[in-house]
Amino acid sequence: MALRVGVIGGGQLARMMIAPAVELGLELRVLAEDEGMSAGLAATAVGDYRDLEAVRAFAADVDVVTFDHEHVPQSVLRALVADGVVVHPGPDALQFAQDKLVMRARLAELGVPQPEWAAVRSVAELQEFLDAHAGAGVVKTPRGGYDGKGVRVVRAAEEAQDWLDALADDDALLVEELVPFVRELAQQVARRPHGEMVAYPVVETVQRDGVCAGGHRARTGRRRTSRAGRGRDRPHDRRRPRRHGHARRRALRDRG
Ligand SMILES: Nc1ncnc2c1ncn2[C@@H]1O[C@H](COP(=O)(O)OP(=O)(O)OP(=O)(O)O)[C@@H](O)[C@H]1O
Ligand SMILES: [Mg+2]
C-alpha cells in the first residue's frame with residue numbers, strides 16, 4: 001500500500017506537493033480549511049486545523065502528518081504526538097517557524113548573527129528601542145503573520161499602538177533594528193527521519209509590499225573582472241532579478 005501523507009492546510013504549498021507525491025508513489029491527503037482551496041484536487045477533508053478533534057480524525061487515516069503552513073497550535077501538535085501520530089516537522093522544530101520571538105531567542109543562544117531585537121510590551125519599551133536604533137525599527141507580531149502581514153516599519157512607537165493594545169497579558173511584540181540589506185536570500189534544507197540531509201540551492205528573493213514577487217538562483221560572491229571594470233561594484237547592481245511567470249506570482253500571493 002502507498003504511504004499516506006496527510007497535509008494540514010489546503011493552500012498553494014499543499015498544491016505544489018500533489019505532482020511530486022504522484023511521481024513518488026505517495027498518497028497525498030489534504031485537510032483543507034474550506035471547499036475550493038488551492039489544493040482542492042487532493043483535499044480529502046475540510047476542517048479547522050485549530051480543532052483537535054477535526055485534526056485527530058484526519059490523522060487517523062494517514063501514516064505521517066505534515067503541513068502547508070505553520071499555524072497549527074502547539075497544543076494540537078503535541079496531542080497528536082501523544083496519540084502516537086508521526087508528525088514532521090514535529091512541534092519542537094515547528095515552534096521556531098511559529099513564533100518569531102522563540103526563533104530570535106534560539107538564534108541568539110546559538111550565536112547566529114542577527115539584527116538587534118527586543119520583546120516589547122508597551123509604547124515606552126518600544127520607543128526606548130527606537131531611540132537606541134536611529135529612530136526606526138521593524139515591529140512584528142510574533143505569531144500568525146505571513147506575506148508581510150504582521151510586519152510594520154515604524155518611526156514612532158504610537159504607530160504600533162493597535163498591536164500593543166491587542167496583546168494578551170503574557171504576550172509581547174518583536175521589534176528589530178531596520179536592516180539596510182542589499183539582498184535577501186532563502187534556502188531550504190531538508191532532513192529525512194534517518195538523518196540524510198539535502199540543501200537546495202540558495203535563492204535570492206524579491207519582496208514587494210511584503211509579498212514574495214519572485215526569485216532566482218543566487219549568484220556566488222566571485223566577481224568577474226570584466227564586470228568590476230564596468231563599475232558595477234555593488235552586488236545588487238549586477239543583475240536585475242528575473243521574474244517568474246504570472247501564474248507563479250499569483251500562486252505566491254494566493255498563499256494560505
Ligand atoms: N529587520 C528588518 N529590517 C529590514 N527589513 C526587514 C526586517 N525584517 C523584515 N524585513 C522585510 O520584511 C519582510 C517580511 O518580514 P518577515 O520575513 O519577518 O515576515 P514574513 O515573511 O511575513 O514571515 P515569515 O518569514 O516568518 O514567513 C522581509 O522579507 C524583509 O523584506
Ligand atoms: Mg519572510
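User: What share of the 256 residues in the protein chain is buried?
Analyst: Keep in mind that this is a predicted model. A residue counts as buried here if 20 or more other C-beta atoms lie within 10 Å of its own. In the protein chain, with its 256 residues, the buried share comes to 20%.

User: How many helices and strands are there in the protein chain?
Analyst: Let's take both kinds of element together. The protein chain has nine helices, and its strands number 13.

User: What percentage of the contacts with a separation of 6 or more comes from residues 24 or more positions apart?
Analyst: Start with the contacts in the protein chain that have a separation of 6 or more. Then pick out those between residues 24 or more positions apart, and you get 52%.

User: Are α3 and α4 roughly parallel or roughly antiparallel to each other?
Analyst: Two packed helices are described by the angle between their axes and the distance between the axes. For α3 (residues 74–83) and α4 (residues 91–98), the axes are 10 Å apart and the angle is about 165 degrees. Angles over 145 degrees count as roughly antiparallel. The pair α3 and α4 is therefore roughly antiparallel.

User: Which residues of α4 does α3 meet?
Analyst: On the α3 side, the residues involved are Gln 74, Leu 77, Arg 78 and Val 81. By class, this contact has four nonpolar, two polar and one charged residues. The crossing of α3 past α4 is right-handed. Over in α4, the partners are Pro 91, Leu 94 and Gln 95.

User: Is the peptide bond from His 88 to Pro 89 cis or trans?
Analyst: First, find the spot: Pro 89 sits in the loop between α3 and α4. Omega for the bond from His 88 to Pro 89 is near -5 degrees, and the bond is cis.

User: Which residues of α3 does α2 meet?
Analyst: From α2, the residues taking part are Leu 52, Val 55, Arg 56 and Ala 59. The classes in this contact are six nonpolar, no polar and two charged residues. α2 passes α3 in a right-handed crossing. The α3 residues it meets are Val 76, Ala 79, Leu 80 and Asp 83.

User: Is Leu 80 buried or exposed?
Analyst: Leu 80 lies in helix α3. Setting aside neighbours within four places in sequence, Leu 80 is in contact with Val 55, Ala 59, Val 65, Val 85 and Val 87. There are 22 other C-beta atoms within 10 Å of Leu 80, so it is buried.

User: Where is Leu 24, and is Leu 24 buried or exposed?
Analyst: Leu 24 belongs to helix α1 (residues 12–24). Leu 24 has 12, so the word for Leu 24 is exposed.

User: Is Ala 160 buried or exposed?
Analyst: You'll find Ala 160 in the loop between β7 (151–154) and α7 (161–165). Not counting residues up to four places away in sequence, Ala 160 touches Leu 126, Val 139, Arg 152, Val 154 and Leu 173. With 22 C-beta neighbours inside 10 Å, Ala 160 counts as buried.

User: What is the phi of Ala 134 near?
Analyst: Ala 134 lies in the loop between α6 (123–131) and β6 (137–140). With 10 C-beta neighbours inside 10 Å, Ala 134 counts as exposed. Its phi is positive in a residue other than glycine, with a value near 60 degrees.

User: Which of the 14 residues around ligand 1 come nearest?
Analyst: The shell around ligand 1 divides into six nonpolar, four polar and four charged residues. Of these 14 residues, the ones that come nearest are Val 138, Val 151, Glu 176, Val 179 and Gln 207.

Methods:
Residues are numbered from 1 along each chain as its sequence is written. Chains are lettered from A and ligands numbered from 1 in the order in which they are written. This is a predicted model: local features need pLDDT of at least 70, side-chain atom pairs count only at pLDDT 80 or more; totals for chains, interfaces and linings use all residues. A residue is near a molecule or strand if its C-beta atom, placed from the backbone, lies within 6 Å of it. Ala, Val, Leu, Ile, Met, Phe, Trp, Tyr, Cys and Pro count as nonpolar, Asp, Glu, Lys and Arg as charged, and the others, Gly among them, as polar. Axes are lines fitted to C-alpha atoms, for helices over the stretch in contact, and angles run from 0 to 180 degrees between N-to-C directions. Helices (H or I, at least four residues) and strands (E, at least two) are DSSP runs, numbered from the N terminus. Angles under 35 degrees count as roughly parallel, over 145 as roughly antiparallel, 65 to 115 as roughly perpendicular and the rest as oblique. A crossing is left-handed if the near helix is turned anticlockwise from the far one by less than a right angle, and right-handed if clockwise. Two residues are in contact if their C-beta atoms, placed from the backbone, lie within 7 Å.
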